[in-house]
Amino acid sequence: MESLLQPEARVLSTLNSDGSRRWLTPRPSRGRFWHRRRAVAYGLITLFVGLPYLRINDKPAVLLDIVHREFTLFGRTFLPTDTPLLALLIVGVFVAVFFATAVLGRVWCGWGCPQTVYLEFVFRPLERLLQGEPGSPRKPAAWLAPLKLPIYLFLSALLAHTFLAYFVGIETLLGWVQQSPLRHPVPFMVMAVTTGLMMFDFAFFREQMCIIACPYGRMQSVMLDRGSLVVGYDRSRGEPRGKVKRGDVRLKIAGADEPRAVGDCVDCLRCVTTCPTGIDIRDGLQMECVACTQCIDACDDVMTKLKRPTGLIRYASQRSMEGRPGTAFRPRVLIYSVMLLVIIGALATLLLTASPVDVRLLRGRGQPYSIGTDGRVMGTVQLKLTNRTDRPAAYSVRVIQPVGGEVHLDENPMSVEPGQMRTQGGSVVLGRDEFGALGTCPVQIEITDASGSTKRVSFTALGPAGTGRSVEPSTPIREGGRK
Ligand code: SF4
Ligand code: SF4
């Protein structure tokens, strides 16, 4: 029975009209861009595998310790109290991606994305080695083909281990791989699931990741404009397309009765058969295009053989392809640039003015104050210090205002391990005359480490109503600046 609703001729480049998957076996085009991309890809793979072993300032170059909420990036450790800094960093990365996309299009997809790098320069080359190159009559020995999946599994496990090293550190990881998985079941499960996902992706899902799963790919239409750099086909030069007949100087166009002048595209389909997402770039810019430049290399090769200028498919903006002048000063580029500069400025300020110690001073719970036998007023406090340096530190704590005030702690100087937070209860003792008519007294406390670096915090102590200075009791406790 004929279906009532016929499918569109092309819904997705990897979908047959009956809904089944159209498996792609792109023919590699080893042109100038392919060689450059391969060099970049191997550099990125080396970086990914090598970074967990690299140490800067005696710390891992990158360690994302989620369990302890500590992130080490290139010698600097971000603690939980650095949340604003990390949030700013993440926002900065997003704005940088938007900016790069507005200017350079999907250059990340084609040159830097791990999906492209590993699929196109590790897994597909292995597949071609074991199963033969598409379109090539030379086939490797039959016994090689079954090795493909075991090798894929081994590589996926290797990548998953490397990925795990970014979260637990290479020393911990190397220790774990020498032990039974039962001694560390959760990390083992994480590694096993990551291996399975990689295996699924590189052996089966492949270009579907870019076409239907990747959110970055789906957002291209809003991030690009007509001035962004894309891989494009020059219609004005290529159309109408037509085949060159061997020994015939005239050119014929498919479907045309009479030979007539045709463009440079000879409709050889090399740009289509090489495309890893299965699209025809001559149909215009499409969301599936990951800007991998394979069609440029394929077409340049054809043009060179035909002794015509290369660049029928090339990197260009849609504006310049239409013959209109391009401009770098486009609204979205300017907006992203300003946002990026503001974020970089804020990040630099936060990093340069970051204190080596974080201080929080809280009033004690329960009775707000008590009067001592000497008539002085005592209020309980809690002092939280976070040592943000790489060395153990001892902090001296004293009251600098009002003069004559004292702070009593069990341990003063108070020692704190590197990167750790410590809380100590104590009391602040003040003269009764310091309290104003509202029964409050502004207090300033100074924290000094062995290097002489100081930090001050202010708070309002409560006491009996008197005749001295006074502030509203609701005044929050706040940190003062560094001296
Ligand atoms: S590779 Fe170039 S000449 Fe061949 S079909 Fe594509 S655009 Fe036309
Ligand atoms: S159209 Fe060209 S650049 Fe885009 S994905 Fe296909 S081969 Fe790569």
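Predicted model: local features only at pLDDT ≥ 70, side-chain atom pairs only at ≥ 80, totals over all residues.

Visitor: How many bridges join strand 17 to strand 18?

Guide: Strand 18 covers residues 454–462 and runs antiparallel to strand 17. One of the pairs links Glu 446 with its bridge partner in strand 18, Arg 456. The number of bridges joining the two strands is nine.

Visitor: Which residue of strand 17 is the bridge partner of Gln 401?

Guide: Strand 17 (residues 440–448) also pairs with strand 13 (residues 393–401). That pairing is antiparallel and has five bridges. In strand 17, the partner of Gln 401 is Gln 444.

Visitor: What is the distance between the C-alpha centres of domain 1 and domain 2?

Guide: The chain is divided into three parts: domain 1 (32–60 + 105–221), domain 2 (225–321) and domain 3 (357–482). Domain 1 and domain 2 touch, with 17 residues of domain 1 in contact with 14 residues of domain 2. Their C-alpha centres are apart by 32 Å.

Visitor: Which helix gives the most residues to the side of domain 1 that touches domain 2?

Guide: Helices that each supply at least two residues to this side include helix 3 (107–112), helix 4 (114–131) and helix 1 (32–50). By class, the side has six nonpolar, six polar and five charged residues. The most, four residues, come from helix 1.

Visitor: Which helix supplies the largest share of the shell around ligand 1?

Guide: Around ligand 1 there are 16 residues, and Cys 265, Cys 268, Arg 270, Cys 271 and Cys 299 come nearest. Two elements give two or more residues to this shell, helix 12 (270–273) and helix 13 (294–305). The shell holds 11 nonpolar, one polar and four charged residues. Its largest share, three residues, is from helix 13.

Visitor: How many charged residues are in the shell around ligand 2?

Guide: Ligand 2 has 14 residues around it, and those that come nearest are Cys 275, Ile 281, Cys 289, Cys 292 and Cys 295. The shell divides into 10 nonpolar and four polar residues, and the count of charged residues is given as no charged.

Note on methods: Residues numbered from 1 in each chain as written. Chains lettered and ligands numbered in written order. Near = placed C-beta within 6 Å. Nonpolar A, V, L, I, M, F, W, Y, C, P; charged D, E, K, R; others polar. Domains from an automatic or database assignment. Contact = placed C-beta atoms within 7 Å. Pairing = 2+ DSSP bridges.
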